[in-house]
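Good morning, and thank you for coming. Please look at the sequence and the structure as I go through them.

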Amino acid sequence: MTKPSLPDLLHAAVTAVGGTERPGQVSMAETVAEVIDDGSHLLVQAGTGTGKSLGYLVPALAHGERVVVATATLALQRQLVERDLPRTVEALHPLMRRRPQFAMLKGRSNYLCLHRLHEGVPQEEEEGLFDQFEAAAPTSKLGQDLLRMRDWADETETGDRDDLTPGVSDRAWSQVSVSSRECLGASKCAYGAECFAEAARERAKLADVVVTNHALLAIDAIEGAPVLPQHEVLIVDEAHELVSRVTGVATGELTPGQVNRAVRRAAKLVNEKAADQLQTASEGFERLMELALPGRLEEIPEDLGYALMALRDAARSVITALGSTRDKSVQDEDAVRKQALASVESIHDVAERITNGSEWDVVWYERHDRFGASLRVAPMSVSGLLREKLFADRSVILTSATLKLGGDFNGVGASLGLAPEGTESEDAPQWKGLDVGSPFDYGKQGILYVAKHLARPGREGTRSDMLDELAELIEAAGGRTLGLFSSMRAAQSAAEELRGRLDMPILLQGEETLGELIKGFAADARTCLFGTLSLWQGVDVPGPSCQLVIMDKIPFPRPDDPLMSARQKAVDEAGGNGFMAVAATHAALLMAQGAGRLVRASGDRGVVAVLDPRLATARYGSYLRASLPDFWYTTDRNQARRSLAAIDAAAKAAEA
């Protein structure tokens with residue numbers, strides 16, 4: 001029997017999902033197939049509407065080896081597992097004569113733990129949460145959620161938190177879940193045979209396609225203990241998010257509250273001497289943290305060094321003592337011991353990491369209004385880690401709507417540990433970049449307007465000229481505005497000011513759940529939605545409700561961001577351009593994502609307005625503009641208003 005051709009397979013899959021074949025999708029699928037065959041790597045930029053999921057799924061399924069697909073967002077994971085994969089497998093089955101299996105795999109804490117659910121959380125006297133179902137009164141929200149989860153446990157097949165609707169708070173979920181460190185292990189646990197997390201792992205071992213998230217991919221790479229099953233092909237979707245997700249997983253944190261919890265958990269399980277040593281170290285650390293000022297610690301102050309060594313040594317003594325004592329008076333001792341061990345090991349590891357003082361780590365204090373001070377440590381760069389762990393022993397395809405910054409893939413490639421495209425070297429992973437474009441005609445569908453006449457944004461103070469411009473543009477557009485702000489404070493002050501000036505609803509991030517806000521924004525064309533980071537990349541509202549996307553200023557990292565400024569300084573000291581490599585790349589990625597909110601369908605029309613003259617006047621402006629969709633470009637404010645008014649009139653006529 002002849003092997004079905006890739007074009008035939010792609011056609012069948014696209015027809016099955018009710019889509020239309022796009023030249024970019026065909027080009028992507030062909031290149032993905034080539035890269036998998038020769039074991040090299042690919043960065044592929046595929047604009048909104050290309051159908052990139054099928055562009056990688058079809059050649060990967062046709063290849064026949066096991067594939068892991070890692071995505072950043074829950075929405076895309078669900079879309080793949082509930083919509084794209086079932087339909088694609090069904091469509092390809094008659095041609096391939098086999099039915100590939102697929103499964104979803106997440107970190108352990110995403111699954112309901114039956115041991116926790118039935119035996120309760122190990123008791124902490126000060127919190128008095130046990131039995132937690134009785135302590136949390138059934139009339140309280142927490143009590144109701146716990147009772148609902150107990151009922152859900154009897155009917156769910158997956159135990160996956162995301163299958164529980166409506167969802168529950170983090171606090172409620174923490175009562176019925178465990179981290180991998182707290183888990184007793186299937187062989188020691190009374191509920192091991194029914195464990196949801198173990199069942200998910202078993203399904204993944206048997207599947208041809210495993211859908212996971214960037215965080216689990218990072219844990220798999222960093223911790224050395226394989227979490228994901230062996231695979232020949234790795235596809236990273238939403239790949240522009242990968243570096244920040246891996247950095248997040250590789251970041252350690254110490255807070256007084258976390259240390260106090262560890263002291264409480266270990267106190268009744270170890271001898272008095274070990275417990276007192278940890279208690280004393282905890283008190284010393286807490287006193288220091290009360291005086292901590294936010295910012296980077298280029299060198300560890302002497303008093304902090306002593307406090308961390310005391311914590312590290314005390315934690316080590318407790319870990320040793322935990323291994324040698326047994327106390328039959330403690331109910332469900334194994335679970336209590338495992339939770340205590342997990343807490344103390346976490347403190348030991350972070351304290352030791354900071355004490356050892358790697359030149360590749362950045363250490364800083366943070367202060368939070370509600371939670372107080374924390375001490376954090378993160379890698380200066382994850383590029384070396386990614387080059388070593390990601391690109392060995394498998395073919396890797398990284399895809400997103402925004403990977404090509406300033407006209408090429410080398411900026412994103414460098415952050416992933418890749419040498420410039422075309423570099424010939426034995427130890428450099430071989431890769432190529434491919435931009436398959438977009439089915440949208442950006443030059444006809446959208447305008448990029450830069451308000452060149454405005455004052456350059458300063459660090460502090462209100463920008464009254466910017467607010468005037470914002471009000472006029474929203475009025476011309478008849479509402480229909482997504483406002484993307486560089487800080488929450490800027491979004492709040494703009495919303496307060498314009499609610500007093502304009503006769504149209506303005507929704508503000510934080511005043512309602514993100515899902516509800518986006519629903520409200522999409523439902524009424526006159527409504528505007530203002531917010532910060534998650535709106536730059538999380539909003540998909542095609543049609544007349546979103547015809548003006550406003551960016552208040554270029555979203556450079558804050559100058560006092562310890563990690564970003566450390567990375568920038570390191571590039572400068574190595575002879576590179578730290579500003580372009582770190583700050584401008586960060587801004588370009590966010591702006592490309594933000595501008596991508598405007599055109600989501602072939603009938604969409606609108607304006608992206610950047611209220612920061614530096615995009616037109618600064619030397620780096622051309623690099624940032626080259627990272628955006630190819631909209632028609634203007635700095636003429638009257639032209640922008642006339643276009644918005646015309647688009648608004650056309651939308652009203654269509655609605656009528």
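I shall speak about several helices, and then about some individual residues.

This is a predicted model, in which local features need pLDDT of at least 70, side-chain atom pairs count only at pLDDT 80 or more, and totals for chains, interfaces and linings use all residues. Residues are numbered from 1 along each chain as its sequence is written, and side-chain values use heavy atoms, with hydrogens and water left out.

A word on the numbering of elements. Helices (H or I, at least four residues) and strands (E, at least two) are DSSP runs, numbered from the N terminus.

Let us begin with helix 27. How far apart are the end C-alpha atoms of helix 27? They are 27 Å apart, and this agrees with the 27 Å that the 19 residues of the helix, 637-655, should span at 1.5 Å a residue. The expected span is 1.5 Å times one less than the number of residues.

Which residues of helix 27 are buried? They are Ala-640, Arg-641, Ser-643, Leu-644, Ile-647, Asp-648 and Ala-651. These residues lie on the same side of helix 27, because they cover an arc of only 165 degrees around the axis. The arc is that of the directions from the helix axis to the C-beta atoms. On the other side of helix 27, Arg-642 and Ala-653 are exposed. Buried means under 20% relative accessible area, exposed means over 50%, and partly exposed lies in between, with a 1.4 Å probe and protein chains only.

At the N-terminal end, helix 27 is capped by Asp-636, which has a side-chain oxygen 2.9 Å from the backbone nitrogen of Asn-638. A polar contact is a pair of N or O atoms within 3.5 Å; within protein, one must be able to donate a hydrogen and the other to accept it, and residues adjacent in sequence count only if both atoms are side-chain atoms.

I turn now to helix 2, residues 23-38. From first C-alpha to last, its 16 residues reach 23 Å, close to the 22 Å expected at 1.5 Å a residue. Its buried residues include Gly-24, Met-28, Val-32 and Ile-36. Among the elements that cover the buried residues of helix 2 are helix 1 (6-16), strand 1 (41-45) and helix 3 (52-63). Just after helix 2 comes Gly-39, with a positive phi of about 70 degrees.

Gly-357 follows helix 15 and has a positive phi, near 60 degrees. Within helix 15 (residues 333-356) we find Gln-339, which is buried, with a relative accessible area of 3%. Gln-339 and Arg-265 are 74 residues apart in sequence, while their C-alpha atoms are 7.4 Å apart in space.

Next, a pair of helices. The axes of helix 11 (residues 242-249) and helix 16 (residues 383-390) come within 11 Å and cross at roughly 100 degrees. Helix 11 is therefore roughly perpendicular to helix 16. Leu-242, Val-243 and Val-246 of helix 11 make the contact with Leu-385, Leu-386 and Leu-390 of helix 16. Axes are lines fitted to C-alpha atoms, for helices over the stretch in contact, and angles run from 0 to 180 degrees between N-to-C directions. Angles under 35 degrees count as roughly parallel, over 145 as roughly antiparallel, 65 to 115 as roughly perpendicular and the rest as oblique.

Helix 11 also holds Thr-247. Is Thr-247 buried or exposed? Thr-247 counts as buried, because its relative accessibility is 7%. Leaving aside neighbours within four places in sequence, Thr-247 is in contact with Pro-379, Val-382, Leu-563 and Arg-567.

Finally, some features of the loops. Arg-97 lies in the loop between helix 4 (74-96) and strand 3 (102-104), and its phi is near 60 degrees, a positive value in a residue other than glycine. Arg-97 counts as exposed, at 62% relative accessibility. Glu-238, in the loop between strand 5 and helix 11, also has a positive phi, near 50 degrees. Glu-238 is buried, with a relative accessible area of 14%. The peptide bond from Thr-165 to Pro-166 is cis, with omega near -10 degrees, and Pro-166 lies in the loop between helix 7 (141-155) and helix 8 (170-174).

Note on methods:
Contact = heavy atoms within 4.5 Å.
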